[in-house]
Amino acid sequence: MNIGIIGSGTMGSGIAQVAATSGCKVKVYDTNHDALNKSKVALEKVLLRLIEKERIDETEKNRIQDNISYVNSLKDLADSNLTIEAIVENLEIKKKVFSELESYVSDETIIASNTSSLSIASIASALQKPERCVGIHFFNPAPLMALVEVIPAIQTSQKVFEKAVSTIKSWNKTVAVAKDTPGFIVNRVARPYYGESLRIYEEGIADFITIDNAMKTVGSFRMGPFELMDFIGNDINYTVTKTVFKTFYYDSRFRPSFTQQRLAEAGYLGRKSGRGYYQYNEDGKIDASGHPELVEGSHNTELAELIFNRVFVMLINEAADALFLNIASAEDIDKAMTKGVNYPKGLLAWADEKGIDWCVDSIDELYNEYHEERYRCSPLLRKMKREKKKFFS
Ligand code: NAI
């Protein structure tokens with residue numbers, strides 16, 4: 001299969017590696033010559049590391065590299081069966097590129113976008129044949145993260161959607177199908193992990209180290225929310241939150257936090273700038289000398305439980321609401337959070353375990369305390385409590 005990748009930045013390079021590893025012939029195009037070069041050099045480095053770790057041998061490295069070529073014109077992607085665009089997140093630029101691309105490729109070529117925040121319907125509208133457009137959303141780093149969200153737009157044909165799903169599966173990825181709505185599954189359902197943690201911090205209930213420790217010790221999350229925001233970059237995470245808030249017509253559940261805005265404004269971006277919520281040493285590790293608690297862990301188990309329960313129930317509420325609004329199936333919502341962001345368990349299965357009654361009562365308690373819309377219980381959870389149902393029986 002011939003694959004065309006448009007944009008050779010972080011995501012385009014990763015996706016090219018995935019496709020080439022699976023035996024596809026991949027052409028990578030970028031308007032920026034340096035970016036193309038960088039992508040080539042980065043792949044060489046990644047593959048050498050895999051040889052060092054004895055995950056691949058020299059022959060496999062050569063095979064993968066031989067499968068990828070780097071091209072200087074969009075026209076060179078003319079013989080692609082599938083193109084995946086991973087350029088700058090700007091609707092007008094994407095539309096222009098899609099429209100030009102369509103003039104070169106055959107009628108059968110599928111034209112996909114890796115966009116995180118734009119609607120697939122809006123991108124597809126740039127095409128003469130919008131039914132050939134579909135969202136194929138990888139997670140960073142693409143070669144390591146198992147999940148890919150496939151998003152059919154209202155224009156997408158069933159044939160194109162099915163072909164996209166089967167192709168991504170053949171690349172050894174786990175597919176979750178999502179409705180064309182802001183944040184798709186993962187970037188929507190994960191919002192409270194950051195938002196509620198920031199709120200707890202802003203209310204002065206706990207400092208961010210205690211909150212991180214609570215999520216890791218009580219909930220077995222691999223990274224605490226503040227560590228994770230520092231890892232993602234406070235500028236990027238803040239922009240995603242802002243976009244989700246705006247595209248949900250300012251639903252207060254998604255309201256961004258001033259704390260994070262100030263960090264982004266100050267240039268405290270996290271690991272990449274050496275300072276975020278934490279200080280980082282030169283090799284990008286948290287400098288624990290200023291944070292003895294990082295070594296010792298939280299001592300107040302009651303506080304840790306309270307923090308975990310509050311963030312956890314807000315995540316469950318968001319996952320339940322995504323199911324309620326048919327954004328994805330229960331299976332795909334759970335798959336998305338475990339394979340896309342490494343949650344220790346699927347949120348809906350976890351809700352079953354904890355008890356639906358407990359979930360509803362805990363959110364209602366928050367609502368009674370604050371009387372804010374953000375703490376309104378999903379109608380689906382309330383119905384399930386009434387009918388004594390579980391997500392998975
Ligand atoms: P990036 O900034 O690393 O790379 C973008 C590349 O596109 C650059 O090399 C740039 O030269 C090139 N480019 C810009 N305009 C172009 C044009 N008109 N034609 C061809 N190439 C052009 O960006 P990144 O992070 O790889 O993101 C790309 C897309 O993937 C965005 O839509 C983003 O929302 C999405 N995405 C990003 C994720 C991430 O964690 N970085 C995760 C999932 C999706």
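# Close-up views of the predicted model

Figure 1. P141 sits in the loop that runs between strand 6 (133–138) and strand 7 (147–152). This is a predicted model. The peptide bond between N140 and P141 is cis. Its omega is about -5°. Most peptide bonds are trans.

**Figure 2. The whole protein, for orientation.** The protein has 18 helices and eight strands. Its radius of gyration is 22 Å, close to the 21 Å that the globule rule gives for 393 residues, so the protein is as compact as a globular protein of that length. The C-alpha trace spans about 60 × 50 × 40 Å along the principal axes. Of the 393 residues, 51% count as buried. Salt bridges number 27 across the whole structure.

Figure 3. Side chains of opposite charge can pair when their charged atoms come close. Here the side chains of K94 and E85 form a salt bridge. The N to O distance is 2.5 Å. Are K94 and E85 buried or exposed? Both residues are buried.

Figure 4. The side chains of E196 and R310 meet in a salt bridge, 2.7 Å from N to O. This pair links distant parts of the chain. E196 belongs to helix 8 (residues 191–202), and R310 belongs to helix 14 (residues 301–324). The two residues are 114 residues apart. Both E196 and R310 are buried. The pair also belongs to a network of salt bridges. That network links E196, R199, E203, R310, E372 and R374.

Figure 5. R376 and D321 join their side chains in a salt bridge. N and O lie 2.7 Å apart. Which parts of the chain does this pair tie together? R376 lies in the loop between helix 17 (356–370) and helix 18 (379–386), while D321 lies in helix 14, so the pair ties together parts that are 55 residues apart in sequence. R376 and D321 are both buried.

**Figure 6. H371, with a positive phi in a loop.** H371 is placed in the loop between helix 17 and helix 18. Its phi is positive, at about 55°, although H371 is not a glycine. Most residues other than glycine have a negative phi. H371 has a relative accessible area of 56%. The cut-off for exposed is over 50%, so H371 counts as exposed.

**Figure 7. S220, with a positive phi in another loop.** The loop between helix 9 (208–217) and helix 10 (225–232) holds S220. S220 is a residue other than glycine, yet its phi is positive, near 60°. How exposed is S220? It is partly exposed, with a relative accessible area of 48%.

**Figure 8. A positive patch on the surface.** K45, R49, K53 and R55 form a positive surface patch. One of them, K45, is in helix 2 (residues 33–52). The relative accessible area of K45 is 56%, and this residue is exposed.

**Figure 9. A nonpolar patch on the surface.** Which residues form this nonpolar patch? They are F231, I232 and I236. Together they have about 250 Å² of accessible area. I232 is part of helix 10. I232 is partly exposed, at a relative accessible area of 31%.

**Figure 10. I123, buried in helix 5.** I123 is found in helix 5 (residues 120–124). Its relative accessibility is 0%, so I123 counts as buried. A distance of 9.2 Å separates the C-alpha atoms of I123 and V134. Along the chain, I123 and V134 are 11 residues apart.

Figure 11. T210 has its place in helix 9. Is T210 buried or exposed? T210 is buried, with a relative accessible area of 17%. The C-alpha atoms of T210 and N300 are 9.0 Å apart. Along the chain, 90 residues separate T210 and N300.

Terms used. Residues are numbered from 1 along each chain as its sequence is written. This is a predicted model: local features need pLDDT of at least 70, side-chain atom pairs count only at pLDDT 80 or more; totals for chains, interfaces and linings use all residues. Side-chain values use heavy atoms; hydrogens and water are left out. Patches are made of residues with over 30% relative accessible area and no salt bridge: like charges are joined within 9 Å, nonpolar side chains (Val, Leu, Ile, Met, Phe, Trp, Tyr) within 5 Å. Accessible areas come from the Shrake-Rupley method with a 1.4 Å probe; for residues, only the protein chains shown count as cover. A salt bridge is a side-chain nitrogen of Lys or Arg within 4 Å of a carboxyl oxygen of Asp or Glu. Lys and Arg count as positive and Asp and Glu as negative; His and the chain ends are not counted. The place of a charge is taken as NZ of Lys, CZ of Arg, CG of Asp or CD of Glu. Helices (H or I, at least four residues) and strands (E, at least two) are DSSP runs, numbered from the N terminus. Buried means under 20% relative accessible area, exposed over 50%, partly exposed in between (1.4 Å probe, protein chains only). The radius of gyration is taken over C-alpha atoms; the globule rule is 2.2 Å times the number of residues to the power 0.38.
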